[in-house]
Amino acid sequence: MSNPKTRRGAISVIKPDRDRRFVTEDNPFEAMMSRFDDAARRLNLEPGLYKVLRSPEKQIIVAVPIMRDNGEIEVYTGIRVLHNTSRGPAKRGSRFDLAVTLDEVKALAAWMTWKCAVVNLPFGGGKGGVICDPTTMSVNELERLTRRYTAEIIEILGPDSDVPAPDVNTNERVMAWIMDTYSMHKGHTVTAVVTGKPIEMGGSLGRRDATGRGCLVVAKQALARLEIPLDQATVAVQGFGNVGSTAARLMAAEGMRIVAVSDKKGGIYDPKGLDIPSVLEWIKEHRFLEGFPGAKVISNEELLTLKCDVLVPAALENVITSKNAGAVKARIICEGANGPTTAKADAILDKKGIFVIPDILANAGGVTVSYFEWVQDRGGYFWDEETVNERLEKIMSKAFDEVVAMADKHGVSMRIGAYMLAIERVAAMHRMRGLYA
Ligand code: NAD
């Protein structure tokens, strides 16, 4: 596959596809694939490898019948996609949601492959879920659903093959049920089969803050690159959940000025800087930011176009689009959320010279500490939080430098640089392993 002649032939096989790229701006599969295609083209990826890396290895659909509490039987659909496991077991979120579709799961699985490769973890990418509305289910029904789904996919699950983690509407308790079901089938306890477990059963210290902490690490490096002193940096954060609130708390603790934060009801703004510990106290009591005293009320749309040094979109996908990208005034965008920027918006931000730290790098802190959890479980030896944080910082910081180097070398954006780095790593593994036939 590494024959240079074949590699050169790649350009004619991978068509630019530019028109299609922007047809469906908010489709996650298209968004991921347009970046993949762009990066693969620039790498002159061999046509054969291009086909291999574009195709998910396994797609599984299972029926998940359970008895509801009222005695009736209901059958749900479970999906599992392993995108690429050449570098190691598939690391994947497992979600319970009505909006789960095979197309979306395929896109998210590929996304995980690139994310794990950017930070150089020995993991591949996968994704899974059950199409259901967990808000209409009792705890007992959810437990039966989780256990039956686990049993249906048990041949592929395992610390060496496929390691689920929490995602939309799944949590530590769901991970504990998966771990228990898997262990009962194996006849012994296997904690490393899932990550995101409760600490008491083999979870890792530092996991809860990991994604926000990762954002802090790469945002600091971007500020240094742009020669903006930390204590003069202003930050706006969209989304005040796990990722956004942690990023805001840690950035404020480093002396950065958090001028705006928001949740799904709207945002609050204070150009002098919000007192983040007070905001966190307010949230604990009132759940939403609404009503926080002394700050100006702003909308989520206004927050995205505020003048600031760092914008951290940490809520939803597709919030920076061709419609508002032209109005974004931040100097750095640190993508805490998955897919907050559309491919069409990328081009606009690029032209404006905005330094985008792409999602597959910026929010990889979470999967990195999931990897640490897996390592600790397998070694049966647990680290203190300081060690976890130190190792996380080292990995994120190295990945940032490697993405910058790739982007500089090829004269591309950080996003395409990150995809190129990731694709190159996965492709290298395929070349070394060869094609089994
Ligand atoms: P979360 O549910 O804890 O928080 C989400 C926040 O976004 C909440 O404050 C919510 O009010 C806000 N929000 C919801 N709808 C909104 C809207 N329309 N406008 C503005 N704000 C809105 O979720 P999270 O775990 O912090 O995840 C946030 C994003 O980060 C998601 O894209 C997720 O996939 C991504 N991510 C999370 C992790 C992780 O470790 N939690 C890791 C990688 C990526």
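Reader: How many bridges join strand E2 (residues 73–84) to strand E4 (residues 124–131), and in which direction do the two run?

Author: Strands are DSSP runs of E with at least two residues, numbered from the N terminus, and two of them pair if DSSP finds at least two bridges between them. Here 7 bridges join E2 to E4, and the two strands run antiparallel. Within this pairing, Val81 stands opposite Lys127 in E4. This is a predicted model, in which local features need pLDDT of at least 70, side-chain atom pairs count only at pLDDT 80 or more, and totals for chains, interfaces and linings use all residues. Residues are numbered from 1 along each chain as its sequence is written, and side-chain values use heavy atoms, with hydrogens and water left out.

Reader: In what order do the strands of the open sheet lie, and which are the edge strands?

Author: The order is E1-E2-E4-E3-E5, with mixed pairing. Strand E1 (58–67) and strand E5 (162–166) are the edges, each pairing on one side only.

Reader: Which strands does helix H7 lie across?

Author: Helices are DSSP runs of H or I with at least four residues. Helix H7 (residues 139–152) lies across E1, E2, strand E3 (90–96) and E4.

Reader: Which residues of helix H10 are buried?

Author: An α-helix has 3.6 residues a turn, so residues three or four places apart point the same way. In H10 (residues 242–253), the buried residues (under 20% relative accessible area, 1.4 Å probe, protein chains only) include Val243, Thr246, Ala247, Leu250 and Met251. Just after H10, Gly255 takes a positive phi of about 95°.

Notes: Contact = heavy atoms within 4.5 Å. Axes fitted to C-alpha atoms, helices over the stretch in contact; angles between N-to-C directions. Expected span 1.5 Å × (residues − 1). Buried < 20%, exposed > 50% of the residue type's maximum accessible area, 1.4 Å probe, protein only.
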